[in-house]
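Welcome to this short tour. Have your viewer ready, with a way to select residues by number, and follow the stops in order.

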Amino acid sequence: MKYSAFVLDHVKNPRNVGELPCSNAKARVRSSADGDILQLHLQIEDEVVKDARFKVYGCGAAIATGSLLTELVIGKTVRELPLITNEQISQRMGGLPPQKIHCSVLAEEAIAAAIEDWKSKS
């Protein structure tokens, strides 16, 4: 499979990996396509994402997607988060092979689940 230089950089040097002990919004989503799992931890203060971490159990494209996702959400308001779509994520990554689009879908699902978790605690 051919990946963009952007994807390969995020695979080799993933950003914001791990758990966030002070997170107040968490999500764990699983792809029905291949079983990849993405965990997203957000620290939200005054309805703004102050920090984010991720963990992935899956392929390189899933790792790159989780890494980019954390960069995209930090600094965004809770209202802006749902505006991040799987299509935007894939485009930012220089495109994903068709058989790996489920990775960007997983990221969009993680955002929605984390928002729901945060709302249930607020």
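Before the first selection, one term: a residue is called buried when its relative accessible area is under 20%, exposed when it is over 50%, and partly exposed in between, using a 1.4 Å probe and protein chains only. The model is predicted, so local features need pLDDT of at least 70 and side-chain atom pairs count only at pLDDT 80 or more, while totals for chains, interfaces and linings use all residues. Residues are numbered from 1 along each chain as its sequence is written, and side-chain values use heavy atoms, leaving out hydrogens and water.

**Stop 1: helix α2**

Select residues 60-73, which form helix α2. Helices (H or I, at least four residues) and strands (E, at least two) are DSSP runs, numbered from the N terminus. The expected span of a helix is 1.5 Å times one less than its number of residues. For the 14 residues of α2 that gives 20 Å, and the end C-alpha atoms are 20 Å apart, so the two agree.

How many of the 14 residues of α2 are buried? The count is 11, so the helix is mostly covered. Colour them to see the pattern: A61, A62, A64, T65, G66, S67, L68, L69, T70, L72 and V73. Now show what lies over them, which includes α1 (5-12), β2 (37-45), β3 (48-57), α3 (86-92) and α4 (101-121). Just after α2, click on G75, where phi is positive at about 95 degrees.

**Stop 2: S67**

Stay in α2 and select S67. With a relative accessible area of 0%, S67 is buried. Contact here means heavy atoms within 4.5 Å. Leaving aside neighbours within four places in sequence, S67 is in contact with H10, P14, R15 and F54.

Next, look at the side chains of S67 and H10, which are joined by a polar contact of 2.6 Å. A polar contact is a pair of N or O atoms within 3.5 Å; within protein, one must be able to donate a hydrogen and the other to accept it, and residues adjacent in sequence count only if both atoms are side-chain atoms.

**Stop 3: where α1 meets α2**

Show α1 together with α2. Their axes are 8 Å apart, and the helices pack at an angle of about 90 degrees. That makes α1 roughly perpendicular to α2. From α1, the contact uses F6, V7, H10 and V11; from α2, it uses G60, I63, A64, S67, L68 and E71. Axes are lines fitted to C-alpha atoms, for helices over the stretch in contact, and angles run from 0 to 180 degrees between N-to-C directions. Angles under 35 degrees count as roughly parallel, over 145 as roughly antiparallel, 65 to 115 as roughly perpendicular and the rest as oblique.

**Stop 4**

Return to α2 and pick L69. L69 counts as buried, at 0% relative accessibility. Not counting residues up to four places away in sequence, L69 touches L38, L40, I89, A107, A110 and I111.

**Stop 5: along α4 to H102**

α4 has 21 residues, which should span 30 Å, and its end C-alpha atoms are 31 Å apart, which agrees. The buried residues of α4 include H102, C103, L106, I115 and W118. What covers the buried part includes β1 (25-30), β2, α2 and α3.

Select H102 in α4. Is H102 buried or exposed? At 14% relative accessibility, H102 counts as buried. A polar atom of its side chain lies 3.2 Å from the backbone oxygen of Q99. Beyond four places in sequence, H102 touches S31, A33, D34 and D36.

**Last stop: the loop between β2 and β3**

Select D46, in the loop between β2 and β3. D46 counts as exposed, at 76% relative accessibility, and has a positive phi of about 50 degrees although it is not a glycine. E47 lies in the loop between β2 and β3 too. E47 is partly exposed at 40% relative accessibility, and its phi is positive, near 65 degrees. Most residues other than glycine have a negative phi.
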